[in-house]
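Hi,

Here is the structure I said I would pass on. Have a look at it first, and my notes follow below.

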Amino acid sequence: MAGRFAPRPTRTTLRGGDVVLPAGAVPRPAPAPGRVRTWTPDGPLDLGLVLGPLRRGPGDPTFRALPDGSVWRASRTPAGPGTLRVTMRGGVVHGEAWGPGAGWLLEQLPLMCGAADDPSAFTPRHKIVALARHRRPGLRLGRTGLVLESLIPSVLEQKVTTDEAYRAWRLLVRRFGEPAPGPAPGRMYVMPAARDWALIPSWEWHRAGVDDKRASTILRAVRVAARLEEAVRMPPAAARARLEVVPGIGPWTSAETVQRSHGAADVVTVGDLHLPGIVGWALAGDRYADDEVMLRLLEPYAGQRHRAARLILLSGRVPARRAPRFPVGDIRGL
């Protein structure tokens, strides 16, 4: 029966994918003016593709995509909490921000939308990749400039199902974060500060469904949060090495983090449950590919392997499910 139906999106396909924004939507003006900035990209830009990997599930309290075509993000910046509203009209990106971190968010806006990325450096070597690039010319790899906001949800996603990880992130941010500044959509929150993460009691981690191993990793990370945030000024390889000094942070977690914080075009995720099989199936018809096979297949894209993997995920060519969906765990009743 499993092979007769199209597979449901996995966490990997969601992260490699898209936030659907209505075509031709006319953004409504925000109800209260904030600080404003515009930026004109030097080529096609699809906000849904660029900002989509920053959303941790459809209920992410730090991210909201509205029917008017606007994308809202609540972030904890070096200057403090801030809310950013991003829209695109006539090929121009419009950013409006509120809160103590508004200036920092607007300064970072072009990089977050892929200003430092160079899609022209990518040369497709497979037909499926070329078609995906042709259909999605607006794909760029954005750089948030923030490490902890990508690291913590990545740790929560270790060794669990999508629903478990997204639920934990949602519950913890809403309970221990703070309301997003400005006229943000309802129930948007800025994630807790490093000190607030460190003060979360053990029973609250348990209530959110987070086991001791993941909770301990986050606690170790926030104790050296300043040193980890410094990694954003390092090359991706050096940044990953610094992150992996923290016990509990391995190659999978560091890759998922720097892909977002650095916009790293060549950092491919290894140790993922689904990605090797998806890449193997798309490029060689091998649904049983492991990390070694995946890396060998991506060798022609050296320097751009993460972009190649994103395009493969966006192609929609994934192997049919071989077994029932992995059951969602819940430790809260233990």
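I'll start with the second largest cavity: sorted by class, its lining has six nonpolar, four polar and five charged residues. In that count Ala, Val, Leu, Ile, Met, Phe, Trp, Tyr, Cys and Pro are nonpolar, Asp, Glu, Lys and Arg are charged, and the others, Gly among them, are polar.

Before I go on, a word on the source: this is a predicted model, so local features need pLDDT of at least 70 and side-chain atom pairs count only at pLDDT 80 or more, while totals for chains, interfaces and linings use all residues. Residues are numbered from 1 along each chain as its sequence is written, and side-chain values use heavy atoms, with hydrogens and water left out.

Of its 15 lining residues, Leu54, Thr62, Arg73, Glu149 and Trp169 are the closest to its centre. A cavity here is a set of points, on a 1 Å grid over the protein atoms alone, where a 1.4 Å probe fits but cannot get out, and lining residues have an atom within 4 Å of a point. Helices (H or I, at least four residues) and strands (E, at least two) are DSSP runs, numbered from the N terminus.

Next, helix α3 (residues 102-112). Eight of its eleven residues are buried, so α3 is largely enclosed by the rest of the structure; buried means under 20% relative accessible area (1.4 Å probe, protein chains only). Among those buried residues are Trp104, Gln108 and Met112. Their cover includes β1 (35-39), α2 (47-51), β3, β4 (80-89) and β5 (92-98). After α3 comes Gly114, with a positive phi near 95°.

Then there is His306, in helix α15 (residues 305-315). His306 counts as buried because its relative accessibility is 9%. Apart from neighbours within four places in sequence, His306 is in contact (heavy atoms within 4.5 Å) with Leu141, Gln259, Ala264, Ala265, Asp266 and Val267.

For the chain as a whole, I get 15 helices and seven strands, and buried residues make up 52% of the 334 residues.

Cheers

Definitions and conventions: Buried means under 20% relative accessible area, exposed over 50%, partly exposed in between (1.4 Å probe, protein chains only). On a 1 Å grid over the protein atoms alone, a cavity is a set of points where a 1.4 Å probe fits but cannot get out, and a pocket is an open set with protein on both sides within 12 Å along at least five of seven lines; lining residues have an atom within 4 Å of a point.
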